[in-house]
Amino acid sequence: MSDNFDVIVIGGGPAGYPAAIRAGQNKLSVACIDEWKNRDGSPAFGGTCLNAGCIPSKALLESSELLHRAQHEFASHGLKLAGLSLDLATMQKRKATIVRQSTLGILTLFKGAGVVPLQGHGRLLAGRKVEFTSHDGTKRSLQAKHVVLASGSEPMPLRGVAFDGERVVDSWGALEFSEVPKRLCVIGAGVIGLELGSVWRRLGAETVVLEALEQLLPMADGQVAKEAARHFRKLGLDIRLGAKVGGAEVRPDGVHVSYTDAKGVQSLVVDRLVVAIGRRPFTAGLLGEGTGVALDERGFIQVDEHCRTGAADVWAVGDCVRGPMLAHKGKEEGVAVADRIAGLYGEVNYRTIPSVIYTAPEIAWVGQTEEQVKASGRPYKTGSFPFAASARARAMEATAGFCKIVADAASDEILGIHVIGPMAGELIAEAVLAMEYSASSEDLQRTMHAHPTLSEAVHEAALAADKRAIDIPNR
Ligand SMILES: Cc1cc2nc3c(=O)[nH]c(=O)nc-3n(C[C@H](O)[C@H](O)[C@H](O)COP(=O)(O)OP(=O)(O)OC[C@H]3O[C@@H](n4cnc5c(N)ncnc54)[C@H](O)[C@@H]3O)c2cc1C
């Protein structure tokens, strides 16, 4: 096998593997190096997302939501269920199968695109040389015309709280519990903390979520955050805001967590503690001497708007560079870079990155919140449509939440769309497409939506922005 490649991608997560596939599609010779090893020591492509993030969390969210619906909603459908019980081992096995299918799928995709998979550690050296150390310790010196760094991120630790891999764990550990903890504490009410908290709460854990900020979901539209807080409380998530954790200690009777809030020093004892306070870029062992690649003060690889690092023909994409730490953002960057390397046009629209929180109800948005538009001083209008007025949502017994559109008062350009409700993560795709094409709310108003569908809520919210909604009174 040649040691010379047009492109070497270091990192095979959702930013790196699409970059490698697109480079292969562009008829470039390409290798993708990835060092991920699962708990059992088996190597796997797919990075955090497929092995320890998006995919396993969504598998457990789905299973736990089904249990919750069976317990709380089936009766209203006239479905009587006797003897419903939880078999967590089977639930975890299903999750592991989905993860394995997904990660093995990458090898098939690599084969189809002519990507050489290399499992082990990659280190960039000066002059776009790459030192590859396979998992068995064998070293190879590779040379590339272009290198794409996609080394991802890792969980942020919390001072005073040491992971022990069993009772005090990170988000990966929280996806692996073999029994439902009676008492659980999650530190961090961000996307990951809320999703994991929801899983274990639905499966029966008494769940406390400690959040240092005074506000829940500050990045979301204010109305959406308020509605979400109501539903999280209804689920039984005990979210304590303004709670700054000072430390945690594992003792025989449980994990003792101490925190400070407006009332002073507080403490609680739980069976399991999950630290989900955010993630930081991971670049350990990635860069040799004299590569010309620089890190910023927070440890992110410095790149320009086209993902070029300071070193010629060395690029960086995904969680290891600025911007939201999201799989789809990394994927688009990876694909765009692989196109740019091939001399084609590559584009990432950072203004239309959708955010999704896979709780129940689901939360999704794209563009600016009403608060952001207000602060900008731009005159705006809003339109909202509650799912309670959607025939499809009623048929689904999923009437919580609403869709809200924020548009420029003069030009009618859509500035943001916010959904909390059933399938919000799917509904937001229409909003992203609309904003990608700089659509006005009138464009959405004049677009036919099938009936009865949840997407009619997006249509009606757009109509409501001009007080022309049909299925709700206009105020
Ligand atoms: C619990 C959880 C749930 C999440 N849910 C979602 C979600 O629903 N939607 C979403 O968009 N995002 C979600 N995320 C975030 C998402 O997982 C990340 O944004 C995404 O994985 C980033 O992709 P990446 O390719 O940049 O990095 P990673 O996925 O971290 O992949 C980087 C890869 O590079 C490898 N690597 C690093 N350095 C080297 C080296 N020197 N040599 C060889 N290999 C190396 C790593 O081992 C890893 O395999 C979630 C994250 C977590 C933790």
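**Entry 1**

I looked up what A144 touches and found that, leaving aside its neighbours within four places in sequence, A144 is in contact (heavy atoms within 4.5 Å) with F5, D6, I8 and R128. I keep in mind that this is a predicted model, in which local features need pLDDT of at least 70 and side-chain atom pairs count only at pLDDT 80 or more, whereas totals for chains, interfaces and linings use all residues. I also note that residues are numbered from 1 along each chain as its sequence is written, and that side-chain values use heavy atoms, with hydrogens and water left out.

I place A144 in strand β5, residues 139-149, where helices (H or I, at least four residues) and strands (E, at least two) are DSSP runs numbered from the N terminus. A144 and D6 are 138 residues apart along the chain, yet their C-alpha atoms are separated by 5.4 Å. With a relative accessible area of 3%, A144 is buried; I use buried for under 20% relative accessible area, exposed for over 50% and partly exposed for what lies in between, with a 1.4 Å probe and protein chains only.

**Entry 1**

**Entry 2: T207 in β9**

I then turned to T207, which lies in strand β9, residues 206-211. T207 counts as buried because its relative accessibility is 2%. A polar atom of the T207 side chain lies 3.0 Å from the backbone oxygen of A205. Not counting residues up to four places away in sequence, T207 touches L184, V186, G197, W200, R201, G236, L237 and D238.

**Entry 3: the nonpolar cores**

For a nonpolar core I take a set of buried Ala, Val, Leu, Ile, Met, Phe, Trp, Tyr and Cys residues joined through side-chain atoms within 4.5 Å. The largest such core has 36 residues, of which W200, L217, F232, V274 and I363 touch the most other members. I find that α3, α4 (88-113), β8 (183-187), α6 (191-202), α7 (222-235) and β18 (362-367) each give two or more residues to this core, and that its largest share, 6 residues, comes from α7. I checked I363 in particular: outside four places in sequence, its contacts include L217, V224, A228, F232 and V419. A second, separate core has 30 residues, among them V356, A364, I405 and A439.

**Entry 4: the ligand shell**

Which residues come nearest to the ligand? Of the 37 residues around the ligand, these are D34, T48, K58, G122 and A327, where a residue is near if one of its heavy atoms lies within 4 Å. A polar side-chain atom of D34 lies 2.7 Å from a ligand oxygen atom, while polar backbone atoms of P14 and M325 are each 3.3 Å from an oxygen atom of the ligand. The protein covers 95% of the 990 Å² of accessible area that the ligand has on its own, areas being computed by the Shrake-Rupley method with a 1.4 Å probe.

I see that β2 (30-34), α2 (47-52), α3 (54-72), β3 (115-125) and α8 (327-341) each supply at least two residues of the shell, with the largest share, 4 residues, coming from α2.

**Entry 5: backbone exceptions**

Most residues other than glycine have a negative phi, and most peptide bonds are trans. I therefore listed the exceptions to this general rule. A360 and P361 are joined by a cis peptide bond with omega of about 0 degrees, and P361 lies in the loop between β17 (355-357) and β18. A cis peptide bond also joins H451 and P452, with omega of about -5 degrees. C307, although not a glycine, has a positive phi of about 70 degrees and is buried, with a relative accessible area of 1%. M423, also not a glycine, has a positive phi of about 55 degrees and is partly exposed, at 42%.

Terms used. Polar contact = N/O pair within 3.5 Å; in protein donor to acceptor, adjacent residues only side chain to side chain.
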